[in-house]
Amino acid sequence: MSGLPLDQQPDYLAIQASPEFADLRRRLRRFVFPMTVVFLGWYLAFVLLAAYAHSFMSYRLYGTITVGLVLGALQFVSTLVITTWYVRFARRRIDPRVTEIRRQAGLEAE
């Protein structure tokens with residue numbers, strides 16, 4: 001909650017119904033949903049390859065480094081990249097809009 005007395009709290013239903021809030025949700029969903037599908041698809045492909053493509057995943061690329069080890073490491077790399085991308089996206093596209101909606105609602109930055 002905002003910490004304001006009940007008679008001074010913003011009209012949250014009006015905020016939710018506002019075009020600015022709808023635009024904020026649309027922008028967020030356009031990033032989050034496709035990125036989630038891509039990452040889950042990539043993760044599922046890795047799991048399926050590990051479960052059913054043993055010869056492919058055990059193929060040695062260099063010394064004891066296998067395709068499976070590289071793809072497993074890339075899971076961590078892709079998580080870091082997606083997280084970094086999201087933080088940058090949120091700072092540029094989401095946070096300024098949230099600040100503006102809060103300002104219009106009469107809420108100070110907390």
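**Patch, packing and salt bridges**

Author: Helix α4 (67-104) gives the most to the nonpolar patch, with five residues. This is a predicted model, where local features need pLDDT of at least 70, side-chain atom pairs count only at pLDDT 80 or more, and totals for chains, interfaces and linings use all residues. Numbering runs from 1 along each chain as its sequence is written, and side-chain values use heavy atoms, without hydrogens and water.

Reader: Hi! Which residues make that nonpolar surface patch?

Author: Tyr59, Leu61, Tyr62, Ile65, Leu69, Val70, Leu74, Val77 and Val81 make a patch of about 870 Å² (Val, Leu, Ile, Met, Phe, Trp or Tyr side chains joined within 5 Å, each with over 30% relative accessible area and no salt bridge; Shrake-Rupley, 1.4 Å probe).

Reader: And which elements each supply at least two of its residues?

Author: Those are β1 (60-62) and α4 (DSSP runs: helices H or I, at least four residues; strands E, at least two).

Reader: Where does tyrosine 59 lie, and is tyrosine 59 buried or exposed?

Author: Tyrosine 59 lies in the loop between α3 (54-57) and β1. Its relative accessible area is 53%, so tyrosine 59 counts as exposed (over 50%; buried is under 20%, partly exposed in between).

Reader: New topic: how do α2 and α4 pack?

Author: Helix α2 (residues 19-52) packs with α4 at an angle of about 175°, and their axes are 10 Å apart. The two helices are therefore roughly antiparallel (over 145 degrees). Residues in this contact divide into 20 nonpolar, six polar and five charged.

Reader: Nice. How many salt bridges turn up in the whole structure?

Author: Four (a Lys or Arg side-chain nitrogen within 4 Å of an Asp or Glu carboxyl oxygen). Asp23, Arg26, Arg27 and Arg97 are linked in a network of them.

Reader: What are the distances for aspartate 23 with arginine 26 and with arginine 27?

Author: For arginine 26, the closest N and O atoms are 3.9 Å apart. For arginine 27, the closest N and O atoms are 3.2 Å apart.

Reader: Why about one helical turn between aspartate 23 and arginine 27?

Author: Because aspartate 23 and arginine 27 are four residues apart in helix α2. Arginine 26 and aspartate 23 are also separated by about one helical turn, because they are three residues apart in α2.

Reader: What about arginine 97 and aspartate 23?

Author: Their side chains meet in a salt bridge at 3.6 Å, N to O. This pair links distant parts of the chain, with arginine 97 in helix α4 and aspartate 23 in helix α2, 74 residues apart.

Reader: Is arginine 97 buried or partly exposed?

Author: Arginine 97 is partly exposed, with a relative accessible area of 31%. Arginine 26 is partly exposed too, at 44%.

How values were computed: Patches are made of residues with over 30% relative accessible area and no salt bridge: like charges are joined within 9 Å, nonpolar side chains (Val, Leu, Ile, Met, Phe, Trp, Tyr) within 5 Å. Buried means under 20% relative accessible area, exposed over 50%, partly exposed in between (1.4 Å probe, protein chains only). Axes are lines fitted to C-alpha atoms, for helices over the stretch in contact, and angles run from 0 to 180 degrees between N-to-C directions. Angles under 35 degrees count as roughly parallel, over 145 as roughly antiparallel, 65 to 115 as roughly perpendicular and the rest as oblique. Ala, Val, Leu, Ile, Met, Phe, Trp, Tyr, Cys and Pro count as nonpolar, Asp, Glu, Lys and Arg as charged, and the others, Gly among them, as polar.
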